[in-house]
Amino acid sequence: MFLVSSFLMLFILLYLFMNHYNFWSKKRVKEGDIKTMLTDNLQILLGSQHLSVMIQRVYDQHHDVRYVGMYQFLRPVLVVKCPDLIKEICVKNFDNFQDHKNVLSETAEEIWFKNLLVLKGETWKKMRSTISPSFTSSKMRSMFNIMNNNSEAFVEHFLKKKEEIITLEMKDVLTRYTTSLIANSTLGLKVDSLEDRENEYYKMGSEAIDSSSLRRKSVLVVYQLIPTIADFLRIQLFGEHVTSFFANIVADTIKFREEQCIENSDVLGLLLEARKKQHCKKQTTEYKETKYKDENFSKSNCIDLDLTDIGIASQLFIFAIGSFETISTSLSFLVYELAVNPDVQDKLIEEIDEINICENVPSYEKILKMEYMEMVVSENLRKWPVNVATDRVTTKPHTIAPKHPGEFALHLEENTSIMIPIFAIHHDPKYHKNPEKFDPERFSGENRRKMVPYSYLPFGIGPRFCIGSRFALLAIKVLIFHLLSHFVIVPVEKTQIPIRLSKNSFSITAEDGFFVGLKRRN
Ligand code: HEM
């Protein structure tokens, strides 16, 4: 009896398993090899493979198709390969694909669940339009001084060293630089993580972005596999000490600014201004509603954004962890590429020196007008897009109409996962010839015009495009400007050539660090 019921159980499980993993084939979508995908998922969890390898394998498996089916554990994901289709999904039909998928519970960590990246629908729209003014070019002009000061302090720190060539692991020093910059530009805090190596802001920030631990990965997988149980158990990703540190630091700064009537034009300042306006509008609306019963008051205006201290802390938290990892990683790859491509570095130094001859301190306009700098930074983000992929979920059912012979109409139900494989597209020779070559000339005016539209997506695409892209690009350029004004970056014994990517992190980074030497210019 026991044997029969065990067989029956096994049969049912096998049936459910097979039935689950034919989600895409039932829709007549070509998919990756199931056995390989399951092994890949497990290896990603154990830290013996990077997500980009799994995506690349699925991407390469079927040529001349616009999309391929993949499974992230139990979740079917449609990997979109064709730039035109990416536009159709992320831009033209944005209303049907507005949101990102949930990666965590709505109840476990409040500071996470209110941020712009995870907000959905109308609430996301309203928060995005509230925060966007913090990232306009006029705001960037005022951030520019903060970036200049932080970059100068960074360079000064190394100019004090006596060695002829200073060997550095750049990811470490650049993460320290980025945390100081973000503390300064979002909250007005002065933090020097190069001198004060154990400061709390840096320690908590690095803990928040550390994705290499098995515990962190397991939490994410548990949320993917059994979200209801994970929700019930309120399993935390970041940990109480990290989230309350950020919540408290924001609450203390708000209290200080309100008591001292300080009105700054940084991100915190804008959110506080929106909070004041929301409060005023609420009072006026209540008055209207009781006196006139105004039925026409626009519904979307009535959405209250969470601009309590924790709601504001949530936005600043995503800016902080979004920036620490992305800016420091992108700068680390760039410094490495300059070390191993001396011709590119020489040309960039020439452009920098032309500005230094005329001015003591570079102006915002001059940095923005540097053509070669723009080309080098863009090529770095092409070859090394920090976020290897981005995602969308269908917020309304959508049908992708057939376009090529052999294609069928593909009906996607609500809540289907879509993946935009940024790294794979940037390394597809169909769009970027000789993709492993670091070649800034791809981004010269003429070549850029020839690039296939939507085949270069380091900051994503459409209305959910990265809100911090202007900030990130400026911060990268300003630091490189100051660094190359005083130092030449050279390979050292520990420089890993070619670079090997770490298997044990979510975003891309080097397996054995980014070691280079800084050699003082004469
Ligand atoms: C080199 C640096 C950076 C890269 C490569 C990068 C990349 C990205 C990508 C690919 C997305 C997804 C976009 C999409 O799905 O279409 C994104 C979203 C986002 N990024 Fe960045 N990012 C960078 C820096 C920053 C910085 C400095 C901040 C904050 C100041 C930031 C804040 C955000 C936020 C809040 C979102 C979500 C936007 C929304 O859903 O409305 N990022 N980023």
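Colleague: In this predicted model, into how many nonpolar, polar and charged residues does the lining of the second largest pocket divide?
Modeller: The second largest pocket holds about 340 Å³ of space, and 14 residues line it, the closest to its centre being Tyr431, His432, Lys433, Arg442 and Asn447. Divided by class, the residues of this lining are four nonpolar, three polar and seven charged.

Colleague: Which element gives the largest share of the lining of the largest pocket?
Modeller: About 410 Å³ of space lies in the largest pocket, and of the 21 residues in its lining Trp384, Phe423, Glu436, Ile499 and Leu501 lie nearest the centre. Two helices, H4 (51-61) and H15, each supply at least two residues of that lining. The largest share, four residues, comes from H4.

Colleague: How many nonpolar, polar and charged residues does the lining of the largest pocket have?
Modeller: Among the residues of this lining that lie nearest the centre of the pocket are Trp384 and Glu436, and by the classes used here Trp counts as nonpolar while Glu counts as charged. Taken by class, the lining of the largest pocket has nine nonpolar, six polar and six charged residues.

Colleague: How do the residues of the lining of the second largest cavity divide into nonpolar, polar and charged?
Modeller: The lining of the second largest cavity is made up of Ile182, Thr186, Leu187, Tyr201, Phe246, Val250, Ala313, Leu316, Phe317 and Ala320. The division is nine nonpolar, one polar and no charged.

Colleague: Which element gives the most residues to the shell around the ligand?
Modeller: The ligand is surrounded by 25 residues, with Trp124, Arg128, Thr390, Arg392 and Cys466 the closest. Those of the shell divide into 15 nonpolar, seven polar and three charged. With four residues, the element that gives the most to this shell is H15.

Colleague: Why is strand S1 (residues 67-72) described as largely enclosed by the rest of the structure?
Modeller: On one side of S1 stand Tyr67, Gly69 and Tyr71, and on the other Val68, Met70 and Gln72, all of them buried, so that both faces are covered. Strand S1 is therefore largely enclosed because the number of its six residues that are buried is six.

Colleague: Which residue of S2 is the bridge partner of tyrosine 67?
Modeller: S1 and strand S2 (residues 75-80) run antiparallel and are joined by six bridges. The two strands form a hairpin with two residues between them, and phenylalanine 73 in the turn has a positive phi of about 55 degrees. In S2, the bridge partner of tyrosine 67 is valine 80.

Colleague: Is glutamate 337 buried or exposed?
Modeller: Glutamate 337 is found in helix H15, and its C-alpha atom is separated by 22 Å from that of alanine 389, 52 residues apart along the chain. Its relative accessibility is 2%, and because the cut-off for burial is under 20%, glutamate 337 counts as buried.

Colleague: What is the relative accessible area of glutamate 122?
Modeller: Glutamate 122 lies in helix H7, and its C-alpha atom is separated by 9.7 Å from that of glutamine 98, 24 residues apart along the chain. Glutamate 122 counts as partly exposed, with a relative accessible area of 38%.

Terms used: Residues numbered from 1 in each chain as written. Predicted model: local features only at pLDDT ≥ 70, side-chain atom pairs only at ≥ 80, totals over all residues. Heavy atoms only, no water. 1 Å grid on protein atoms, 1.4 Å probe; cavity = no way out; pocket = protein on both sides within 12 Å on 5 of 7 lines; lining within 4 Å. Near = heavy atom within 4 Å. Buried < 20%, exposed > 50% of the residue type's maximum accessible area, 1.4 Å probe, protein only. Pairing = 2+ DSSP bridges. Points joined across faces, edges and corners; volume = space filled by probe spheres on them.
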